[in-house]
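I open this notebook to record what I looked up, one entry at a time, with the sequence and the structure side by side.

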Amino acid sequence: MDIRIGYGWDSHAFKAGVPLKIGGLAIEHPQGLAGHSDGDVLLHAITDALLGAVSAGDIGSFFPPGDPRWKDADSSIFLNLAMEEIQNAGYRVVNVDTTLVLDQPKIGPVAAEMRERVAELLGIVPSNVGIKAKTPEGLGADNVAQAHAVVLLERIEDPGELQTMSAVMQSQRELEDVVRDLVSQVHGVPVRAPFDTDDIT
Ligand code: MG
């Protein structure tokens, strides 16, 4: 099959005193999104959409939230893993479309910057990234941020390109191993801690 589609959804509650991060972007706001990781609801939805497109499970199966290695983790680590999965399956991203559902803050003023950051993480141009936001009218979900994401993938035809992408992913993997070791040292836990099955990534 030459094309695949993937869909992802996530939600996180707002919490005072937590930095707000959406779409890989730090946003000035009195509340952030509670989570075991940095709570980046949009990157989690995109990560699930990528994994779903190649039937590779979901974010929780790769990064169980009870694992101390992912405490306050930058969610771009999750997205990079999903990118690796789709490349191993022989695909690349064509475009992604997303909808955020949240009351505050307004996304419009930061949408362009968010689009660029997401595009950078996915290795595509910003014109292939859709960032939309709606308020949760009638949902009774004013203190929650939700994200929906749809991705389209196409098969990588050129084996040379696949090799180049694999090499890039290999160097990213090595960098992540170094980061993981540092995080483990800081948190005083083994590098390969056993996973548990909580679910609040
Ligand atoms: Mg999440």
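How many of the 13 residues of H3 are buried? I note before answering that this is a predicted model. I then looked up helix H3, which runs over residues 76–88, and found that 11 of its 13 residues are buried, so that the helix is mostly covered, counting a residue as buried when its relative accessible area is under 20%.

**Entry on the helix itself.** I listed the buried residues of H3, among them Ser76, Phe78, Leu79, Ala82, Met83 and Ile86. I also checked the length of H3, for which 13 residues at 1.5 Å a residue should span 18 Å, and I found its end C-alpha atoms 18 Å apart, which agrees. Just after H3, I noted that Gly90 takes a positive phi of about 90°.

**Entry on the first neighbour.** I reminded myself that two packed helices are described by the angle between their axes and the distance between the axes. For helix H1, which covers residues 41–53, I looked up its packing with H3 and found an angle of about 15°, with the axes 9 Å apart. Because angles under 35 degrees count as roughly parallel, I wrote down H1 as roughly parallel to H3. The crossing in which H1 passes H3 is left-handed. From H1, the residues that meet H3 are Leu43, His44, Ile46, Thr47, Leu50 and Leu51, and on the side of H3 they meet Ser76, Phe78, Leu79, Ala82, Met83, Glu85 and Ile86. I sorted the residues of this contact into 9 nonpolar, 3 polar and 1 charged.

**Entry on the second neighbour.** I turned next to helix H4, residues 111–122, whose axis comes within 10 Å of that of H3 and crosses it at roughly 40°. The two helices, H3 and H4, are therefore oblique to each other. Here I found Ser76, Leu79 and Met83 of H3 in contact with Arg117, Leu121 and Leu122 of H4, and the residues of this contact divide into 4 nonpolar, 1 polar and 1 charged. Ser76, Leu79 and Met83 were already in my list for the contact with H1, and I recalled that residues three or four places apart in an α-helix point the same way, because the helix has 3.6 residues a turn.

Terms used:
Residues are numbered from 1 along each chain as its sequence is written. This is a predicted model: local features need pLDDT of at least 70, side-chain atom pairs count only at pLDDT 80 or more; totals for chains, interfaces and linings use all residues. Side-chain values use heavy atoms; hydrogens and water are left out. Axes are lines fitted to C-alpha atoms, for helices over the stretch in contact, and angles run from 0 to 180 degrees between N-to-C directions. Helices (H or I, at least four residues) and strands (E, at least two) are DSSP runs, numbered from the N terminus. Angles under 35 degrees count as roughly parallel, over 145 as roughly antiparallel, 65 to 115 as roughly perpendicular and the rest as oblique. A crossing is left-handed if the near helix is turned anticlockwise from the far one by less than a right angle, and right-handed if clockwise. Contact means heavy atoms within 4.5 Å. Ala, Val, Leu, Ile, Met, Phe, Trp, Tyr, Cys and Pro count as nonpolar, Asp, Glu, Lys and Arg as charged, and the others, Gly among them, as polar. The expected span of a helix is 1.5 Å times one less than its number of residues. Buried means under 20% relative accessible area, exposed over 50%, partly exposed in between (1.4 Å probe, protein chains only).
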